[in-house]
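Hi,

Here is the structure I promised to pass on to you.

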Amino acid sequence: MSLRERLTEASSSPSLVSLDGRRKDEGASFDTKDAIKRSVHYLLIEEMGADLDSAATDDIALRYRIESKLLDLLDHETTPLSAEDKREIVSDVIDDILGFGPIEPLLNDPAVTEVMVNNPHTVYVERAGKIYMTDKRFVDEAHLLRVIDKIVARIGRRVDEASPMVDARLPDGSRVNAIIAPLAINGPILTIRKFSHDPFTASDLIDFGTMSEQMGEFLDACVRGRLNILISGGTGTGKTTLLNVVSAYVPDDERIVTVEDAAELRLGQEHVLRLESRPSNIEGRGQVSIRDLVRNTLRMRPDRIIVGEVRGGEALDMLQAMNTGHDGSLSTVHANAPRDALSRLETMVLMSGIDLPVRAIREQVSSALDLLVHLTRLRDGTRRVTQIAAVEGMEGDTIVLQDIFYFDYSMGIDDNGMFLGRVKSTGLRPAFMSKLEDLGVMLPPEAFEYEPPAHR
């Protein structure tokens with residue numbers, strides 16, 4: 001569908017529902033600015049339709065021309081409008097045409113990390129780890145559905161009654177989840193986890209307090225030393241962000257293959273091949289799963305395999321890849337602690353449909369993984385690396401973990417509810433340090449200098 005057709009559809013009839021849910025044709029009061037927005041929207045389509053249809057038009061030039069035309073149309077409007085009213089109308093109409101409607105300003109706000117649309121009239125955001133309600137509103141459900149359609153259509157996905165749930169992404173890699181009727185009872189629900197326009201670096205995470213400089217140097221050495229690393233944590237703890245940062249440590253001369261549900265990783269290396277899974281079509285065919293892609297990567301001569309998130313039977317294929325010469329692989333998993341991450345891997349291997357004894361699975365895990373990095377979102381809203389543990393092999397039927405770094409909760413909380421704790425070293429050197437040294441990757445002795453926990 002062309003842009004002009006989408007805009008014409010978006011304008012629909014003059015009897016649309018107002019922001020307070022009442023219909024104009026039922027005699028209810030109708031916001032004057034909202035009526036003017038609709039009016040100039042119609043006129044803009046009528047006068048600039050050919051330009052709006054042109055895919056070759058430069059976005060910046062098109063925005064400037066649209067803004068100029070809107071101001072010209074508003075100059076001929078008989079209703080008295082202040083300069084602020086005109087700016088608001090122009091901004092809202094441009095956001096509807098070129099962006100994502102009422103949530104466009106939220107997506108452009110660097111302080112907002114998540115946008116949560118519960119229904120057309122309820123929009124929340126997350127700032128600094130805390131949730132706040134906004135005054136942003138969609139006109140009605142149809143308006144919200146059109147924004148969802150615009151997002152998912154760009155990557156060839158669809159959302160309708162036959163397929164009412166969808167995972168997608170914005171052009172900047174931000175993660176999008178949408179769910180509509182009949183599954184969403186109170187109206188379409190849209191959740192967008194934003195990514196920074198400029199990917200975070202290790203220095204940024206150190207400045208945020210997510211990890212320490214000592215920890216950053218350690219992870220750098222582990223990646224250069226081709227250790228297999230699994231990043232764990234709960235929802236919204238920053239696993240993908242940390243994976244992106246850690247992936248930046250991979251040398252530029254290596255061939256990297258990434259496998260993701262929705263392509264979110266943004267690596268700076270030149271030799272990066274990005275694979276993205278595909279859902280089934282309307283006939284239920286054509287699905288390409290993460291597991292299919294992980295298997296395919298083994299035929300692509302990868303130096304590194306990076307799986308955005310392990311959540312099913314692909315865990316077995318990833319472990320086998322790690323155990324068959326594909327060192328330096330990276331991935332993430334949802335878990336509450338490093339030990340829980342190992343248990344989840346066992347469960348996901350069993351989901352592959354291959355009946356393996358638990359001990360055999362644990363032996364695969366212990367020989368495949370070298371390092372577990374765990375992230376936690378604390379009650380004060382901050383995201384911290386709270387534990388780094390080395391996998392030291394098996395003792396009986398148990399996988400042995402050795403803590404290298406830990407977050408010291410015993411340092412307490414200040415008057416504002418902020419955690420005073422920080423990451424400290426246990427003073428223990430992991431067994432794989434000899435492997436790193438054999439490869440010429442050295443760390444100074446002070447990298448593992450013991451720091452005792454605070455005494456309350």
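Two strands count as paired if DSSP finds at least two bridges between them. Helices (H or I, at least four residues) and strands (E, at least two) are DSSP runs, numbered from the N terminus. In this pair, valine 166 sits opposite alanine 178 of strand 5.

Before going on, a word on where this comes from: it is a predicted model, in which local features need pLDDT of at least 70 and side-chain atom pairs count only at pLDDT 80 or more, while totals for chains, interfaces and linings use all residues. Residues are numbered from 1 along each chain as its sequence is written, and side-chain values use heavy atoms, with hydrogens and water left out.

Strand 1 (residues 112-119) and strand 2 (residues 122-127) are antiparallel, with 6 bridges joining them. They form a hairpin with 2 residues between them, and asparagine 119 stands opposite threonine 122. Strand 2 then pairs with strand 3 (residues 130-133) over 4 bridges, in the antiparallel sense. Here glutamate 126 faces isoleucine 131, and there is a hairpin with 2 residues between the strands.

Most residues other than glycine have a negative phi, and most peptide bonds are trans. Which residues have a positive phi although they are not glycine? Alanine 128 is one of them, at about 50°, and arginine 226 is another, at about 60°. Alanine 128 lies in the loop between strand 2 and strand 3 and is exposed, with a relative accessible area of 61%. Arginine 226 lies in the loop between helix 8 and strand 7 and counts as partly exposed, at 23%. The cut-offs are under 20% relative accessible area for buried, over 50% for exposed, and partly exposed in between (1.4 Å probe, protein chains only).

There is also a cis peptide bond between alanine 181 and proline 182, with omega about 10°. Proline 182 is in the loop between strand 5 and strand 6 (189-193).

**The cores**

A nonpolar core is a set of buried Ala, Val, Leu, Ile, Met, Phe, Trp, Tyr and Cys residues joined through side-chain atoms within 4.5 Å. The largest one has 42 residues, and Met211, Phe218, Leu219, Leu371 and Ile388 touch the most other members. Elements that each supply at least two residues include helix 8 (213-224), strand 12 (371-377) and strand 13 (383-395). The largest share, 6 residues, comes from helix 8. A second, separate core of 31 residues includes Leu316, Met318, Met322 and Ala341.

How do helix 12 (residues 338-350) and helix 13 (residues 358-368) meet, and at roughly what angle do their axes cross? The axes come within 10 Å and cross at roughly 120°. The two helices are therefore oblique to each other; angles under 35 degrees count as roughly parallel, over 145 as roughly antiparallel, 65 to 115 as roughly perpendicular and the rest as oblique. Leu342, Leu345, Glu346, Val349 and Leu350 in helix 12 meet Val358, Ile361, Arg362 and Val365 in helix 13. Contact here means heavy atoms within 4.5 Å.

**One histidine, and the whole chain**

Is histidine 143 buried or exposed? With a relative accessible area of 8%, histidine 143 is buried. This residue is in helix 6 (residues 141-153) and touches Asp96, Pro102 and Phe138, not counting residues up to four places away in sequence.

Overall, the protein chain has 14 helices and 15 strands, and 49% of its 456 residues count as buried.

Enjoy exploring!

Conventions
Axes are lines fitted to C-alpha atoms, for helices over the stretch in contact, and angles run from 0 to 180 degrees between N-to-C directions.
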